[in-house]
Amino acid sequence: MSDPQPPFDIPQSIPPADPQNVPQNVPPGIPPTAPDLATPLTVKTTRVDDITPLLTLVDPENPLAFVRRNDGIAGVGTALRLEFHGASRMRDAAEAWRRIAANAEVDDEVRLGGSGLVAFGSFAFADDSADTSILLVPRVVLGHRDGVHWITRIGSVDDVAAAAEQAAPTLLGAEYHVAMKPGAFGPDDYAAAVAEAVATIGRGEASKIVLARTMEGKLPEGADLRVLAADLATGYPDTYTFAVDGLIGSSPETLIRSEKGELTARVLAGSSARGTDAASDATAALELATSQKDLDEHAFALRSLLLSLERHATDVVSAETPFTLKLPNVWHLASDVRARLADGASSLDLIDSLHPTAAVAGSPTRDALAQIQRLEPFDRGRYAGPVGWVGADGDGEWAIALRCAQVLPDGTIRAFAGAGIVSESVPEREVAETKMKFKPIVDALERALPDDVGRPLPSRPAWAAPSVG
Ligand SMILES: C=C(O[C@H]1C=CC=C(C(=O)O)[C@@H]1O)C(=O)O
């Protein structure tokens, strides 16, 4: 691996962009003179035999990836970065994307979800967040799905060549250890806020309020963030591991996945600790499955998703009772939802309608959001917002950004975890629940990292292994 070869050739067949071909309609929120939109995107996807593990190819300091088990996409370089703010951030993104996609020249021999033109996206939780919401189109996208590997190049030959050089696989960087400490809103403050939320619910001012807190640490200069993402991907293979613009995490919750008219979602709400042995673990799952407090918490979340989804879909199907989902750190109550898209909405239109569900805000939505603003003294940024990707046809895959941390420009890394508060919630238990939810990201940052760090990932790590069904 001392002199790694680029994993793909520089394409000769992508014509340079035509500077005369200026889009007629400039999307809202984007200055008409934005140089990024001066030319249509030229996109070519080619099937390849195999590609080196995706995470060894991305930028160590700003990795771009969305993977689950062996499937996913990773990106290198930037063909286009669009920023959105305010209440219309997702609507504006949907409109901008429609126009960009309509304008693009796409040659895609693979035609799988994630091939062809794609944008990665990450959206702020709150309408008034100071954080930017983004859509990011890379220069090079590396993809793997159902045993098919592909490479997508976006832009002129020269643009792609520069990104291809950057995408040569490199060794994962040196081990680092980040001590994570409670943020300014510590566990005691959180417990007090939970007690206040319970009182608020008791007064009938809301039915469920999701409250979060933060932990913070400082990354060493030049820290290889692929190490963090790879650790999450191997430790939590059933979740979506994402790295988008410094937001890195492993989310078990699917906000919406849209593929050729089929919609799927996985709603999570209601949690309990894993047991310490097989018997106590089974008991924990059983207690969760029969806990009225957790069933109520879950019902709010499921109902909010179904109500929003029904505006866009027919044949909406979910089981009557949730199942228990086992993750390495926690049990969750989970409901899988399936539906048929009825109105041609893109996955960006859908996340605009669905966000925020009661899994991350509470119920009723407007009242819960007002209480979050009153009781949570920080900006959630992109935590609990949609994170994922959208393709040229509007299909896409969007997780809710949970179990994650945001890297800030000064090297601070801020992790977030929350819990749904209902009338029966007990403050200390909710503090303990947030601790469990911090575990994936905090363990990955704090623990002595595995032996293979500092060497390349094995050629087929767990998340890149062939599908086992
Ligand atoms: C808000 C979070 O989790 C949500 C998703 C699953 C279970 C939850 C719960 O049991 O409270 C939360 O609704 C978080 O992980 O920060």
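Mentor: Happy to. Let's start with Glu 262, which counts as partly exposed at 38% relative accessibility. Keep in mind that this is a predicted model.

Trainee: Okay, and which side chain does Glu 262 meet in a salt bridge?

Mentor: Arg 340, with 2.5 Å from N to O. Arg 340 is partly exposed too, with a relative accessible area of 35%.

Trainee: Nice. How many salt bridges turn up in the whole structure?

Mentor: A search of the whole structure finds 28. Some share partners: Arg 81, Glu 83, Asp 245 and Arg 382 are joined that way into one network.

Trainee: Let's take Arg 81 then. Which side chains does Arg 81 meet?

Mentor: Glu 83 is one of them, in a salt bridge of 2.9 Å from N to O. Asp 245 is another, and that salt bridge is also listed at 2.9 Å, N to O. The link from Arg 81 to Asp 245 spans 164 residues: Arg 81 is in strand β4 (residues 80–84), while Asp 245 is in the loop between β12 (240–244) and β13 (247–251).

Trainee: And is Asp 245 buried or exposed?

Mentor: Asp 245 is buried, because its relative accessible area is 18% and the cut-off for buried is under 20%. Arg 81 is partly exposed at 29%, and Glu 83 is partly exposed at 37%.

Trainee: Why would such side chains pair up at all?

Mentor: As a general point, side chains of opposite charge can pair when their charged atoms come close.

Trainee: Changing topic: how is the chain divided?

Mentor: Into domain 1 (40–166) and domain 2 (181–451). Their C-alpha centres lie 24 Å apart.

Trainee: How many residues are in contact between the two domains?

Mentor: 44 residues of domain 1 are in contact with 52 residues of domain 2.

Trainee: What about the nonpolar side? Which residues touch the most other members of the largest core?

Mentor: Leu 41, Trp 97, Leu 117 and Leu 135, out of 92 residues in that core. The core draws at least three residues from each of domain 1 and domain 2.

Trainee: Let's zoom in on Leu 41. What does Leu 41 touch?

Mentor: Leaving out residues up to four places away in sequence, the contacts of Leu 41 include Ala 79, Leu 80, Ile 100, Leu 117 and Val 137. Another core, of 39 residues, lies apart from the largest one, and Ala 163, Met 180, Leu 228 and Ala 415 are among its members.

Trainee: Last topic, the ligand. How many residues surround the ligand?

Mentor: 18 residues, and the closest are Ser 271, Ala 359, Tyr 383, Arg 403 and Gly 418.

Trainee: Which polar atoms lie by the ligand's oxygen atoms?

Mentor: A polar backbone atom of Ala 359 is 2.6 Å from an oxygen atom of the ligand. Gly 420 has a backbone N or O atom 2.8 Å from a ligand oxygen atom. From Glu 433, a side-chain N or O atom is 3.1 Å from an oxygen atom of the ligand.

Trainee: Great, thanks for the tour!

Technical notes. Residues are numbered from 1 along each chain as its sequence is written. This is a predicted model: local features need pLDDT of at least 70, side-chain atom pairs count only at pLDDT 80 or more; totals for chains, interfaces and linings use all residues. Side-chain values use heavy atoms; hydrogens and water are left out. A salt bridge is a side-chain nitrogen of Lys or Arg within 4 Å of a carboxyl oxygen of Asp or Glu. Buried means under 20% relative accessible area, exposed over 50%, partly exposed in between (1.4 Å probe, protein chains only). Helices (H or I, at least four residues) and strands (E, at least two) are DSSP runs, numbered from the N terminus. A nonpolar core is a set of buried Ala, Val, Leu, Ile, Met, Phe, Trp, Tyr and Cys residues joined through side-chain atoms within 4.5 Å. Domain bounds come from an automatic or database domain assignment. Contact means heavy atoms within 4.5 Å. A residue is near a molecule or strand if one of its heavy atoms lies within 4 Å of it. A polar contact is a pair of N or O atoms within 3.5 Å; within protein, one must be able to donate a hydrogen and the other to accept it, and residues adjacent in sequence count only if both atoms are side-chain atoms.
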